[in-house]
Amino acid sequence: MKKIKIIRNIGFTILSAFLLLLTLNCENGNDPVIRQDLLDEEDMPDDNNPNTMISGDTLRVPVVHHISRRDNGGNAAVTEARINKIMGDINGNFKSAKIQFFSKDIKFVDNTQWNTQFIKQDDFIENKVLASFEDPDALNIFYFITLLNRRNGQITGELGATALFPDQGNNLKLSASSVEIENTATATHEIGHYLGLYHTDDDFTDAQGRLELVDGSNCAEAGDKICDTPASPDLNDSNIDEPTCNYIGTETDVNGMRYNPDTLNFMTQWAGTDPNGSLCRRQFSQGQIDKMISVLDNERDYLITRE
């Protein structure tokens, strides 16, 4: 009987300690934030693990993350937990393409002016103020609080994100608005540009000055220059039904044929009234995948290590 009583007492003591710990946790006003941070990390897919392979023929791309901070190291533009979440979104979106991204390093750029407002054109073709921070053998992602656009010397507004094409440089830039936890598409969209993709509704014209035709006859020259993405007019709030992402416009090409665009493509310019831009952007075409793989095999072959 004594043994049973001792065991019961030990069990009661353990239970009491557990209840006390639970009570202390519930009274912690920061508990929801801690839970969110833990949720971010726990939800991180194994795809970001450099030792995890999707398949034997997967192209693996190293990523160096550069977090903007003030001169004193404060006001970081993004947390490491959020970076993990972003990487999980990216890898989920590129899985069908058999392209996998993994974090090689996380670094900091301590510059109060840049941390507050970074102007896109200060790191473009002629001006490359971020080049000295870049890893030459990785995709470099810079995180800033606010990105600004400048034309003719004047600031014209804010940007959610921006990327350098293969012939322009080796980075892309994300603002705080583009790394919100609900945003699953913006970083993927910018990597698409980084790997050579244009917007599906870009206004490139053929030798005759025509926009991309619905019949696809000039698809290699006009529009996004990818032939399995349909010709598209300018997509906006007036010709897309946002809840369904369906095209409801009546625009036609120069031949009078009505457009039937891919409104679900990651490379549409239209992000909707959803502030996170993730409502409709959810797929690449096979032609777009082939283009990105070609860029990795050629213009950006320095990213891929082949044994």
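Author: One definition before we start: buried means under 20% relative accessible area, exposed means over 50%, and partly exposed is in between (1.4 Å probe, protein chains only). This is a predicted model, so local features need pLDDT of at least 70 and side-chain atom pairs count only at pLDDT 80 or more, while totals for chains, interfaces and linings use all residues. Numbering starts from 1 along each chain as its sequence is written, and side-chain values use heavy atoms, with hydrogens and water left out.

Now the cysteines. With bonded cysteines counted along the chain, the pattern is 1-2, 3-4.

Take C219 and C227: their sulfur atoms sit 1.9 Å apart. The torsion about this S-S bond is about 85°, so the link is right-handed. Its two ends have their own accessibilities: C219 counts as buried because its relative accessibility is 10%, whereas C227, with a relative accessible area of 48%, is partly exposed.

Then there's the link from C245 to C280, with 2.0 Å from S to S. At -90° about the S-S bond, this one is left-handed. The pair ties together distant parts of the chain, 35 residues apart: C245 sits in the loop between β9 (240-241) and β10 (246-247), and C280 in the loop between β10 and α6 (286-297). Both C245 and C280 are buried. Those labels come from DSSP runs numbered from the N terminus, with helices (H or I) of at least four residues and strands (E) of at least two.

Zooming out, the chain comes to six helices and 10 strands, and 44% of its 307 residues are buried. Five of the strands form an open, mixed sheet in the order β2-β1-β4-β8-β7, where two strands pair if DSSP finds at least two bridges between them. Its edges are β2 (99-110) and β7 (161-163), each pairing on one side only. β1 (residues 59-69) runs parallel to β2 over 11 bridges; P62, for instance, has F102 as its bridge partner in β2.

Lying across β1, β2 and β4 (139-144) is helix α3 (residues 80-94), at about 150° to β2. That angle is one between N-to-C directions (0 to 180 degrees), with axes fitted to C-alpha atoms, for helices over the stretch in contact. Most of α3 is covered, with 13 of its 15 residues buried.

What's packed inside? The largest nonpolar core has 37 residues, and F101, L139 and Y143 touch the most other members. Such a core is a set of buried Ala, Val, Leu, Ile, Met, Phe, Trp, Tyr and Cys residues joined through side-chain atoms within 4.5 Å. α3 gives this core its largest share, five residues. Leaving aside residues up to four places away in sequence, Y143 touches a list that includes H65, I67, I83, I86 and L174, contact meaning heavy atoms within 4.5 Å. Apart from that core lies another, of eight residues, among them L235, Y247, Y259 and W270.

Methods
A disulfide is a pair of cysteine sulfur atoms within 2.5 Å.
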